[in-house]
Amino acid sequence: MRPSWPGFVLAALLLSTAPVLAGTVADQATLGALAARPLGPALMSGRITSIDGRPGSPPEIWVGTAGGGAWKSTDGGVTFEPVFDDHASSIGVVRLDPDDPRVAFVGTGESWTRNSVGVGNGLWRTTDGGDTWEHLGLEGSERIADIALLPGRPRVILACALGPLWNAGGERGVYRSEDGGKTWERVLFVDDDTGCADLAVDPGEPRTVYAATWTFRRTPWSFSSGGPGSGLWKSTDGGKTWRRLGPDTGLPEGPLGRIAVAVAPSRPNRVYATIEAAETGLYASDDGGRHWERVSTAFPVQARPFYFSFLAVHPRDHRRLVKAGFFPATSRDGGRTWQGALSGLGSGGGGGIHPDVHAWWIDPGNPSFQVVGTDGGVYVSEDDGAHWRHVGTLPVSQFYRVSVDDAVPYNVYGGLQDNGSWMGPSRTGHGIGPRDWRLVGWGDGFCVLRDPAEPRFVFSEYQGGHLQRLDLETGEVRDVRPLPGPGDPEFRFNWNTPLVPSRAEPGVLYLGAQFLFRTADHGETWERVSPDLTTNDPAKQRQEESGGLTVDNSTAENHCTITAIATSPVDPRVTWVGTDDGNLQVTRDGGKTWTNVVGNVPGLPPHTWVSSIEADARDPGRVYVTFDGHRSGDMVPRVFRGDGYGTRFTSLVTDELEGYLHVVRQDPVNPDLLWLGAETGLFVSLDGGAHWTRFEGGLPRVAVRDIAIQEREADVVLATHGRGIWIIDDVTPLRALDEETVTRDVAVLPSRDQVQLVTPPDAGFPGDGEFRGTDVPETAWVHYWLKKRHLVGRFRVEVLDSRGNVVTTLAGTRRRGLNRVAWPMRLPPPKVPPGNGLLPTVLGPLVPEGTYRVRVVMGEEAAAEGTIRVVADPRLRHSAADRRARHDALMRLYRDLGRLANLVARIDAALPRAKKRARERLLALRETLVAPEGGGLLAGKERLRERLGDLYAAIQGYRGRPSPGQLARLDALEQQLTDAETRAAKLLSR
């Protein structure tokens, strides 16, 4: 990951109800010390939308992802680095210029148009290998499916603009530029509902280009693939003009759906096309598209054509085809028969490949080298697809929701697009690797919760409201979804069903269908606590008809359902519910009566999806709500504060917000500190929503779908839909930035308790092919505020113990705004005499637990003071007295090693000038202190140096009282050291 540092723009004016930073103006440098760290994971990776490469040894590989940006590998796919983090995270296509290794294009906006895809902002180009990017326009396209470059004509670019998914219009069709992207001409346009889905250039005659157009549309409750605008087109003048290929050539009668087209590099007149139709099929032409033959209607050809519309031809064999599908599908006879379509195992399908293939690149210089992109990441084969290895360095997982528990360290839980539900630690001491994560649920994962009343249980929910309870101790899984009883209607669950714990009643969970359900016995029984809270519009409940030409009903289009639930932490009788069809309901009596208050929200278009609700931490009548209209083509950010139990609402939208909104969260300590997850990243407000600024802090501009706040640690945990889990550690100082503080020249800010956690050993050596999430260092954080950057004179941060002694001096950062400096909570490593053997003394002792003073010193004057508290790992069962005894023993050894080092240094200094007999005696004494040289590092020779060092390591490795044997050994070694010092003093005095 490339390091970067965060910043905020903070506001000057506040809402009249929340005067926190009134009169204060800040900028991006203000909070530059706060940063988000990536947790990953990468073992399940995420959806890959496009792959391109450059032949070489090793080949260069670029991948585009559904929500995690574009990535580049220069080592044949062992490691990848992000190259597009400052721009749109949803990628439609990556295309490399074959004639210039520095030039690459990225078309943004995923074209595999499932219900959860993001949006793009046009076409981009780099001329320096991905370091910098230039925007080439087509921002209104929303999604670009393909880019074609004409060999020998570097300034000619063809862009295949699919266009908006949820509404008509936009920039759709084929666009052509003759000046490298400065200007564009739309050269192929059908209508406002039809876009370009694929392009293919004839490598033998670059003026011949094929294009596929596609009519499609999604609504929140349906999907339609196909229409009169869909078709296959051909140009013979480099894309300037186009001719539609109709049924008279052998292509199927319309209406048609999505089409993929590919030209055989080894025989350019051989063209293939998969065409969605009344009977979807693979068609082949041997004369450049003048005549077509249907060669297959096999399952790999017909399976889910809107989602698996990718086709490629082997670079050296015109009869070999590869096709996207549930698993990699291959044909060796021109598409008539297929292998590997139903299983990821065995010949043709590879070994253990994750389902849902979307991209495939075959190295034209070495066709045995192939790269496949799936919903589970990237796979590389070096033996023509016989075997595959998974790329473990792409942390592009797509989380929908996130939660945390109160373990030490706490765990993070979340559900992933097409990759189940997982739990993993927030920190380990050695990085968070693949083996640190545990699968706890299946399918498309959404809500995952640790049962607060019975920690052995974890609830996980997958698409359509399927709810399971996992026993972490036994591995047993129980289905606990509420089921209709006699006389009940079928329950309607959203594809992403909310499951939330009560904030005022421990052990109570709420689940939403069209009704609100409540359980207090771990899901064994459910009580219905509401009537139908949706509009119950029958016109929006015809999911069995969804799909268009090909029926596609995966519960993704379920509608008239509950999408958001929030319970008041102040009053357990108050619950808020939001629906996908635009209702916002509140009960003040535990569900006996409900009031729909959405009509009080000003300027809200009817039926706008409620994406999140946050009940205020202190006022039971206050609520924060985000609405998301992007499924109707409305990309406007919408967030409101409601007061008086929804009788009045105030918009909290400012010009700083970008993109439609997924979630709003309120800090549990400072009610004016708000976090806002958007499709374009994370925003924060310090003044109750009067002003917002983008949180940068190393976080890419990725969709933030959910936010959890770990209250004990003051951590903000982000579920991103494309880059996994991110954590902003310890926002305690952010909570303290009130008006009085930010007007001071310098102030020490509070931090959370600094815990001296015990770190378990780790024996993993994964090499470079495994992503490891960034861990929390074994340090305390000292936070302070500077009104202005300190430019002139000395500057330092001192940590003092209870007696006023300086424990350590830190070189403080001098940036304006919030500064964060790491204090290791350890003394320096002990001073030891040089020797030939390994010595386990690389760490100094931990400082004692307690409260320390922090002093910011400018020049020679203490400009500000504060405190920081160091506490023991709460999991330890050792008493404070035992921990102190251990510290005292360790400090004795720490000083003993220093004494020994000084003694050996004195002897060594005397040896050159000592007379022969004195020299012999000094050398003999030295050999009792330090193992003699010779035999290498592991010679096994032990003297006082090695014995003190081993005892130091043994006592340091255990946080409790040293054993009687260890203390006796310490006494004995100290006596040996004292005796040696006495002997040396006599010898050196002669």
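Student: Which residues make the nonpolar surface patch of about 240 Å²?

Tutor: Patches are made of residues with over 30% relative accessible area and no salt bridge; like charges are joined within 9 Å, and nonpolar side chains (Val, Leu, Ile, Met, Phe, Trp, Tyr) within 5 Å. Here Leu-439, Trp-442 and Val-477 make the patch. The model is predicted: local features need pLDDT of at least 70, side-chain atom pairs count only at pLDDT 80 or more, and totals for chains, interfaces and linings use all residues. Residues are numbered from 1 along each chain as its sequence is written, and side-chain values use heavy atoms, with hydrogens and water left out.

Student: Where is Trp-442 placed?

Tutor: Trp-442 lies in the loop between strand S33 (438-441) and strand S34 (445-450).

Student: Which residues form the positive surface patch?

Tutor: Arg-917, Arg-921, Lys-986 and Arg-990 form that patch. Among them, Lys-986 belongs to helix H7 (residues 964-989) and is exposed (over 50%), at a relative accessible area of 53%.

Student: What is the strand order in the open sheet of four strands?

Tutor: Strands of a sheet pair through backbone hydrogen bonds, either parallel or antiparallel. In this case the order is S43-S44-S45-S46, with antiparallel pairing. Strand S43 (562-567) and strand S46 (595-596) are the edge strands, each pairing on one side only.

Student: How many bridges join S45 to S46?

Tutor: Two strands pair if DSSP finds at least two bridges between them. Strand S45 (residues 584-587) and S46 are joined by two bridges and run antiparallel; Val-586 has Thr-595 in S46 as its bridge partner.

Definitions and conventions. Areas by Shrake-Rupley, 256 points an atom, 1.4 Å probe, with all protein chains shown as cover. Salt bridge = Lys/Arg side-chain N within 4 Å of Asp/Glu carboxyl O. Lys, Arg positive; Asp, Glu negative; His and termini not counted. Charge placed at Lys NZ, Arg CZ, Asp CG, Glu CD. Buried < 20%, exposed > 50% of the residue type's maximum accessible area, 1.4 Å probe, protein only.
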